Amino acid sequence: MVLTTDVPTREQLVRRASELVPVLRKNAVWAEENRRIHEESIEALADAGVFKLRTPVRYGGYEVDTRTLVDVAAELGRGDGSTAWVASVFWIPTWMASLFPDHVQDEVFSTPDVRICGTLSPTAMAAPAEGGVVVNGKWGFISGALHSQWQVVVAVLVGGEGEPHPVMALVPLSDLQVADDWHTSGLKGTGSVSTIAQDVFVPADRVLHIGAVLQGQGGASRANAGRPIYNAPLLPVASASSVGTVLGLARGARDAFFERLPERKITYTGYTSQSEAPITHLQVADATMKIDEAEFHAHRLSGLVDTKGVEGAAWTLEERARARADMGAVCRLAKEAVDIFNTASGGSSIYSHMPIQRIARDIQAVNLHALMHPNTNAELYGRVLCGLEPNTLYI
């Protein structure tokens, strides 16, 4: 299966994403109430080519660099954090699917605008079976599962030759059970339900050793072997794919604040216009500078991933750790900016139809994510800078 496509420029893709902001904002409350992305938003993302960004060009995809992912997700995040989060999550397993043998990709990418969800958590077990493995277990936080055709699962393979080790496998969603357990305070619209495997057989050609993938050495695809975007370790790729949404949430908070500013006063004070108060000047300057700093770290991260991919250069341990540190810095700075705008928005901002309160809850949820937590990532970076070995495989 070989398709060709005209790949839009980064500017064109960012413009398409920007044009989606009104519909994403319109559907954001519905997504929260129903704990999933509105189908109109899913269709809008598909029409804009968002699901093609990490699909190989030979299947009609765009195969864009991670800087494009950052800038597109930042626009989507201005519209709705949950929708942007799901889009960015799809990009990561789609990239992972592109590491599997080419005939496996032929099957996966035969579905137009295929959506692949996934996780990196090895919360299941796999056992050898004739021609493949049998998987049993449960995975939580599977963002976008309700809109996906495939899932990349991770399980610990026990039995057969060698020590137990984690593997990743491609499984049709139709082979899994879905547990509707997504009842949360933030990122409600992502529909990040749990999925369950009960004696699911996975053919051997849909199984890869995740340790090699984490090191950037696990690809079984001949067609993608020389393609720059697939020539990188998993964690820096995942990090760069995720930060745009966080940046977009902060920009969305700024949009929401300034939209209301002309009509607001500061209650129980002499300020009939909030915009005239010196405290407001300090708040908006501080928050905006934090967004600028977050943007620096997001672009430094994506620039490193893209440059390494094009050059085919090896990654140092410090560079891998810094990739996660940059991701953590984006999360921390964006949350600090949102907190400032939220604090400055007054009591009327707590109504459920006000975007700022949803943005504040969403950015809080992002900052609690195990791989994005600022403290975890800063500690890892500092540990490596001090000459110690990392205490995780996820680097």
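The model is predicted, so local features need pLDDT of at least 70 and side-chain atom pairs count only at pLDDT 80 or more, while totals for chains, interfaces and linings use all residues. Residues are numbered from 1 along each chain as its sequence is written, and side-chain values use heavy atoms, with hydrogens and water left out.

**Exercise 1. Follow the strands around β3**

Task: Find which strands join β3 through bridges, and how each pair runs.

Solution: 
- Begin with the terms: strands are DSSP runs of E with at least two residues, helices are runs of H or I with at least four, and both are numbered from the N terminus. Two strands pair if DSSP finds at least two bridges between them.
- Look at β2 (residues 124–129) and β3 (residues 132–142): they run antiparallel and are joined by six bridges.
- Turn to the hairpin, where two residues lie between the strands and G131 has a positive phi near 85°.
- Now move to β7 (residues 193–203), which is antiparallel to β3 and joined to it by eight bridges. Here G137 has A197 as its bridge partner.

**Exercise 2. Explore the largest pocket**

Task: Describe the volume and the lining of the largest pocket.

Solution: 
- Take the idea first: rolling a probe the size of a water molecule over the atoms shows where empty space is left.
- Then the rule: on a 1 Å grid over the protein atoms alone, a pocket is an open set of points with protein on both sides within 12 Å along at least five of seven lines, unlike a cavity, where a 1.4 Å probe fits but cannot get out; lining residues have an atom within 4 Å of a point.
- Read the volume, which is the space filled by probe spheres set on the points, with grid points joined across faces, edges and corners. For the largest pocket this is about 850 Å³.
- List the lining: there are 35 residues, and those nearest the centre are W85, F141, S143, H369 and A370. Elements giving two or more residues are α4 (81–97), β3, α7 (234–260) and α10 (355–367). The largest share, six residues, is from α4.
- Sort by class, where Ala, Val, Leu, Ile, Met, Phe, Trp, Tyr, Cys and Pro are nonpolar, Asp, Glu, Lys and Arg are charged, and the others, Gly among them, are polar. The lining has 19 nonpolar, 15 polar and one charged residue.

**Exercise 3. Visit the second largest pocket**

Task: Find which element gives the most to the lining of the second largest pocket.

Solution: 
- Note the volume of this second largest pocket, about 290 Å³.
- Of its 20 lining residues, R25, A256, E259, P355 and R358 are closest to the centre.
- Go through the elements that give two or more residues: α1 (10–34), α3 (66–79), α7 and α10. The most comes from α7, with six residues.
- Finish with the classes: seven nonpolar, five polar and eight charged residues.

**Exercise 4. Look inside and outside**

Task: Say which residues of α2 are buried, and whether F141 and D199 are buried or exposed.

Solution: 
- Set the cut-offs: buried is under 20% relative accessible area, exposed is over 50%, and partly exposed is in between (1.4 Å probe, protein chains only).
- In α2 (residues 39–47), S41, I42, A44, L45 and A46 are buried. These residues pack against α1, α3 and α4, where contact means heavy atoms within 4.5 Å.
- After α2 comes G49, with a positive phi near 85°.
- F141 lies in β3 and has a positive phi near 60°, although this residue is not glycine. F141 is exposed because its relative accessibility is 66%.
- D199 lies in β7, and its phi is also positive, near 50°. With 58% relative accessibility, D199 is exposed too.
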